[in-house]
Amino acid sequence: QAEANGVKELSEGGIAPAAYQKEWQTIFTEGVRPSKALGAACTLKFPFIEDYPAKRERTLTDGTRGYNDFSYNWLCFDGTSMECVIDLGNEKDIHSIEINFLQDQRHWIFPPKSVTVSSSGDGNTYQAVKNITAPALKEDYDVKRVPFTFPANTKTRYIKVTAQNYSTLPDWRFHKTKKPIIACDEVWVD
């Protein structure tokens, strides 16, 4: 109906009705992805942006990835890092952990500077699984997911993810009242 009525853009981002339909068809087709963290409790150290709460902390363990629209299934952190602890409920054999972050520079959303994953059997003492430092930021207005994958091969109950945000915006996106945002969609545990 939108196309029949001459609508060319559905939102501020300029997505066309056909692209919107295609993205939602992909969402419906993919559904929920299996994960050992599916439905697990998640505790955040820093607050997320209240304007875009998605499913709050559950966003990170709902089994659904984020897509191009940062307001759908992305948990956003404005000017702070993201630190979350996921409680798997009991010790499980873990082989890999995958975390996606969004890049949408038009909306001041950048991949994190680095991501560290740690594991713990008791929730108090953590062992680093791995730290990944992201490549240097480049001016790029394409909206895309930036994956971070961590081989784990351990038995653990608690997984801590720390995504380090940038302290300032890059020169090409400077704005005196905006802060860099990081957006995470899920912590998949296999």
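Y20 and W24 both belong to helix 1 (residues 17-30) and are four residues apart, about one turn of the helix; helices (H or I, at least four residues) and strands (E, at least two) are DSSP runs numbered from the N terminus. The model is predicted: local features need pLDDT of at least 70, side-chain atom pairs count only at pLDDT 80 or more, and totals for chains, interfaces and linings use all residues. Residues are numbered from 1 along each chain as its sequence is written, and side-chain values use heavy atoms, with hydrogens and water left out.

**Exercise 1.** Determine how many aromatic pairs there are, and classify the pair of Y20 and W24.

Solution. Step one is the rule: rings of Phe, Tyr and Trp (its six-membered ring) pair if their centres lie within 6.5 Å, with planes under 30 degrees apart counted as stacked, over 60 as edge-to-face and the rest as tilted. The count by this rule is five aromatic pairs. For Y20 and W24, the ring centres are 6.4 Å apart and the planes stand at 55°, so this pair is tilted. Step two is exposure, where buried means under 20% relative accessible area, exposed over 50% and partly exposed in between (1.4 Å probe, protein chains only). Y20 is partly exposed at 40%, and W24 is likewise partly exposed at 25%.

**Exercise 2.** Classify the pair of Y52 and F70, and state which parts it ties together.

Solution. The ring centres of Y52 and F70 are 5.0 Å apart and their planes are at 70°, so the pair is edge-to-face. Both Y52 and F70 lie in the loop between strand 1 (41-44) and strand 2 (75-78), so the pair ties together parts 18 residues apart in sequence. Y52 is partly exposed, with a relative accessible area of 31%, whereas F70 is buried at 14%.

**Exercise 3.** Identify the ring over which the charged end of R33 sits.

Solution. A charge sits over a ring if NZ of Lys or CZ of Arg is within 6 Å of the ring centre and within 35 degrees of the ring normal. The charged end of R33 sits over the ring of W188, 4.3 Å from its centre.
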